[in-house]
2 protein chains.
Amino acid sequence: MGEHERPVVAYLGPEASYTHQAALSTFPNKETTTLSPRTTIADVFSAVQNRSAHRGVVPFENSSNGSVVFTLDLIANLHGMHPDVLVCGEAYVAVKHCLLGHAAGIPSTQKEGEVRIDPQFTNPLAIPKSDLSRVKKLYSHPQAWGQCKAFLATYLKGVPRHDVDSTSRAAEIVAADKTGESAALSSLAAADVFGLDVLAESINDRKGNTTRFLVIRHASSPPLPSPSLSLPTPNPPTPWKSLITFTLNHTAPGSLAQCLSAFSSHGLSLTSINTRPSGVENWHYVFFVECGGRKEDGEGEGDVNRALGELGGVARTWRWLGSWESRL
Amino acid sequence: MGEHERPVVAYLGPEASYTHQAALSTFPNKETTTLSPRTTIADVFSAVQNRSAHRGVVPFENSSNGSVVFTLDLIANLHGMHPDVLVCGEAYVAVKHCLLGHAAGIPSTQKEGEVRIDPQFTNPLAIPKSDLSRVKKLYSHPQAWGQCKAFLATYLKGVPRHDVDSTSRAAEIVAADKTGESAALSSLAAADVFGLDVLAESINDRKGNTTRFLVIRHASSPPLPSPSLSLPTPNPPTPWKSLITFTLNHTAPGSLAQCLSAFSSHGLSLTSINTRPSGVENWHYVFFVECGGRKEDGEGEGDVNRALGELGGVARTWRWLGSWESRL
C-alpha cells in the first residue's frame with residue numbers, strides 16, 4: 001500500500017452489516033480511510049495478516065447470545081494462519097434486528113394483545129407489519145437466530161433457516177429472490193441498501209441487545225500509525241483493557257488458578273474469560289482472559305507486564321493479544 | 001410413575017441420535033429402563049423437572065467444537081424453568097458423522113489423491129461414495145456443521161444448511177424427501193433406522209471427535225434410587241467431578257479470582273470453566289466450573305463442601321449442580 005493511498009479498513013460485509021456500522025463509528029472519516037467489505041470473518045483476519053488492510057473490524061461478543069466462537073478461534077490462531085494479528089480497539093453497536101423481505105401488500109391480521117408474551121424475554125414481542133404466511137425461507141447469520149427466539153417461535157415456527165456469513169449478506173440474498181418467499185433477519189440499514197421492505201422491526205428478544213466488535217491490526221503496524229487510523233480518544237478517558245490467551249500445564253494440579261492469580265496478584269481484575277477446544281488434544285482448552293490495564297513497551301514495566309511475566313512461569317504457552325481503551 | 005413401572009430415561013431424539021447412543025451406553029438394560037425420545041434439549045430438562053422422566057441425557061460439550069450453549073443456559077436455569085435439575089453422571093460417545101441421503105446410483109468420480117487435504121485438519125478428507133451433485137439441501141444439528149468444515153467446504157460448498165434439533169431428526173427429514181435432493185449429517189446408526197444410503201462416511205474434521213453427555217436427575221430423586229438407574233461403577237474406580245455455577249459481585253475488584261481461589265485453596269483442580277451471558281444485565285456473566293471431588297451429604301464435610309462454603313462468602317449467587325464419577 002503506497003504512502004499516498006488511503007488506509008484500508010476491512011470489515012465483515014457486505015455494506016449495512018452490523019460490523020459495517022461498527023467500522024463506520026470507529027473510522028467515520030471517508031476522506032482519510034477506505035472501508036472495504038470481506039465475505040467472512042476469516043477473510044478479515046487474512047486481510048490484516050497479509051497487510052492488504054491496515055485494520056480489520058470483526059464481531060466478538062453479543063450481550064444476549066455470548067461469544068462469537070469463530071472469532072475466538074481465529075484470535076487464538078488455532079490453525080496457524082494469523083500469527084501476527086493483535087487487537088487494538090473495540091466498538092459497541094446496538095443491535096435491533098428486523099425481518100426484511102418483500103411485503104405481500106396484505107396487512108398483518110395480528111393485533112396487539114393477541115400475542116403470547118413469554119415472561120422469559122424482556123422485549124415486548126414485535127408485531128409483524130404485514131402478512132408473513134408466504135415466507136418459506138429465512139436467511140441470517142447463525143448468531144441472529146439465538147437473539148430472536150421469541151419472534152421466530154411465535155410467527156415463523158418451522159420455517160427453514162439458512163445460515164449465511166453476515167446479516168447483510170442475508171438481505172442481499174433475499175433481495176435477489178423475487179418470489180417473495182425469502183426473508184432475512186438483518187439491520188434497518190440493510191433495508192435501504194438492498195431495497196427491501198421491513199416486515200417487522202426490533203424483533204430481538206432483549207432490549208439493549210448489543211454486539212461488541214474488535215478492531216485488529218498487524219503486529220508490525222503500530223497502534224497509532226497515522227491520524228486517520230487513530231481511534232478517537234474517549235472523553236472522559238476510559239480504562240484500558242488487555243486480551244491474553246494461554247494454555248495450561250496439565251500435569252500440574254491447580255494450574256488454572258495459578259494462571260489467574262498471576263493477574264489478581266498484580267491488582268488486575270478480569271472482565272471476561274472464555275475457553276475453546278485447544279485443537280491439539282481432546283478436553284484441553286485455550287483460555288482467553290480480558291483484564292484491566294495495558295501492556296507497556298518497556299519490559300517489566302506496569303502491572304500487565306508484571307502479570308505476563310508471572311503467567312509465563314506457570315502457563316504452558318501464552319500470548320498477549322493486544323491492549324486498547326475501553327469503549328463501554 | 002407407579003412403583004411397578006420401569007424408570008423412564010428421556011433423551012434428545014429421535015432414535016439413533018448420538019444422545020440416544022449415550023443413553024444406551026449408560027442404561028443398557030431394556031428390561032429395567034425405558035428410553036424415551038424428546039424433540040429438544042429443553043424438553044429433556046422439562047421431563048426431568050416435571051418428573052415425567054427419572055433421568056435425562058443431554059449433549060454438553062464436543063471435543064472439537066466446544067460447549068453446547070443451549071445446555072449451559074438450561075443448567076444455569078436462566079429462565080427459571082428448571083430449578084430442580086441436577087447432574088448425576090456423564091457419558092462420552094465417539095462421533096463419526098456420515099452424510100446420509102438417497103444414492104443416485106452414480107458412483108463418485110472423485111479419486112483418492114485428487115482431494116485437497118487442508119493441513120489444519122487431522123482427519124484425512126473423506127471421499128464421497130457416490131455422486132453428490134444432486135444434493136441441494138443439507139440438514140443437521142448446528143453443532144455438526146462446525147465439526148465437518150473441510151468436507152462441507154470441499155464437496156458441498158454453498159449448499160443451503162437447515163438447522164434442526166438433532167442429527168437423527170435430520171435423517172428422519174431426509175428420509176421423507178423422496179426427490180433425493182436432501183442429505184443429512186448424521187450417525188451411521190441413523191442410516192439403518194431411517195433406511196438411508198451412506199453417501200460419505202467419517203466426514204468430521206478431526207479424528208477422535210467425541211461428545212460428552214450429561215445425565216440429569218430431579219433434586220428429590222436420589223443419585224442411586226434403584227438398581228436399574230444406578231450407573232455402572234467404573235473399574236478401576238475413577239475420580240469424582242462436581243459442577244458449580246456462580247455469578248460475581250461486580251462492585252468488588254478481583255471477584256472472579258476470589259471465587260476461583262475458593263477451589264484451589266482446598267486443593268480442588270478445575271477441569272473446565274465456561275461463561276454465558278447472565279440474562280440479567282449486559283456484560284455480566286454466569287460462570288460454570290467443574291472441579292475434582294464430590295459434595296458430601298454432611299454440612300462442612302469434605303473439600304468440595306468447604307470450597308462451596310468459601311465460595312458463598314465471595315460470589316453474589318452460586319449453586320451446586322451435582323457430583324458424579326468421571327467416565328473419561
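Is B:Asp303 buried, exposed or partly exposed, and what is its relative accessible area? B:Asp303 is partly exposed, at 37%, where buried means under 20% relative accessible area, exposed over 50% and partly exposed in between (1.4 Å probe, protein chains only). The model is predicted: local features need pLDDT of at least 70, side-chain atom pairs count only at pLDDT 80 or more, and totals for chains, interfaces and linings use all residues. Residues are numbered from 1 along each chain as its sequence is written, chains are lettered from A and ligands numbered from 1 in the order in which they are written, and side-chain values use heavy atoms, with hydrogens and water left out.

B:Asp303 forms a salt bridge with B:Arg306, with 3.4 Å between the closest N and O atoms; a salt bridge is a side-chain nitrogen of Lys or Arg within 4 Å of a carboxyl oxygen of Asp or Glu. Both residues lie in helix 9 (residues 302–314) of chain B, three residues apart, about one turn of the helix. Helices (H or I, at least four residues) and strands (E, at least two) are DSSP runs, numbered from the N terminus. B:Arg306 is partly exposed too, at 40% relative accessibility.

Another salt bridge joins B:Glu290 and B:Arg212, whose closest N and O atoms are 2.6 Å apart. B:Glu290 belongs to strand 14 (residues 285–292) of chain B and B:Arg212 to strand 11 (residues 210–218) of chain B, so the pair ties together parts that are 78 residues apart in sequence. B:Glu290 is buried, at 1% relative accessible area, and B:Arg212 is buried at 3%. Over all chains, the count comes to 18 salt bridges.
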